[in-house]
Amino acid sequence: MFSGPFVLIVGAVIVALGVVLAIVIATGGGGGSSSAQVERLKEHSASLPLDMVEGTKVGRDDAPVKVTVFADFQCPHCLNFTADQEGEVVERFVKSGDMQLEYRHLPILGSESVDAALASQCAADQDKFWQYHNKLFLVQAEANQSSVPRHNVGRYSADNLKKYASELGLDTGAFNTCFDTQAHLDTISNDERTARSFGISGTPGFLVNGQPLGSGTPSNIESWQDLMDQVKNAQSTVTPETTGTPGSEQTPEATATP
């Protein structure tokens, strides 16, 4: 585990940056057009670093910055993050080995949000989470969910969720059994509890190295770069005397129940 001084330094950096980002978000930003989001999602799907994927994580386990995003597949703000920023975050920071990105579930917008989360975990069983994740958000982008949000209107019906799995080449027998039996309901429930234990009640919400990012989504890739630089600089200021044995540091587990 990181020592107290390191956690305090990184926590202060994240809170300070969160305040700056809140101002930026309040004065600008937002999602792109539906057609632009569709194209970006397709590009992101084509460039996924599949060799760096494990379940709902993408990136190296030894990455110095670990970002956990709690999201809802029906959430228009989550669509904006996924379509407008996530692909570039993966290109710039994940592929370089500087960040590991993890997706976790906070389905707050109704029954189809829960069903989509369950289906995505069934896709994860077949090492297809990120492809399925992109497909779910592509469906929303094609329906212009960013500008005209609608919830629980059948986009994530059981039949559609199974159809998406088939279109992506998953083993539909295994997928359908997993989905129909709600095999990952405990996973979804645990993710919800973890998010709320960190005070995250809206989506998308973020943890950075186990610390909540206090003010929503960074508004652009430059804001993500600022976050990366400040967290990595905070790490470099901690001496071996304050952290213990060199090489013994581990990122605090976001899954631990407080």
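The mean pLDDT of the chain, pLDDT being the predictor's confidence in each residue from 0 to 100, is 83, and 78% of the residues reach 70 or more. Over residues 1-31 the pLDDT is below 50, and over residues 241-258 it stays under 50 as well. Where pLDDT is low, the predicted coordinates should not be read in detail.

This is a predicted model, in which local features need pLDDT of at least 70 and side-chain atom pairs count only at pLDDT 80 or more, while totals for chains, interfaces and linings use all residues. Residues are numbered from 1 along each chain as its sequence is written, and side-chain values use heavy atoms, with hydrogens and water left out.

Now to helix H7, residues 172-180, where helices are DSSP runs of H or I, at least four residues, numbered from the N terminus. Which residues of H7 are buried, meaning under 20% relative accessible area with a 1.4 Å probe, protein chains only? They are Phe175, Cys178 and Phe179, and seen down the axis of H7 they fall within an arc of 95 degrees (taken from the directions from the helix axis to the C-beta atoms), so they line one face of the helix. What covers them includes helices H4 (111-124), H5 (129-142) and H6 (158-167).

Leaving aside neighbours within four places in sequence, Phe175 is in contact (heavy atoms within 4.5 Å) with residues including Ala119, Tyr132, Leu161 and Leu170.

Definitions and conventions:
Buried means under 20% relative accessible area, exposed over 50%, partly exposed in between (1.4 Å probe, protein chains only). Helices (H or I, at least four residues) and strands (E, at least two) are DSSP runs, numbered from the N terminus.
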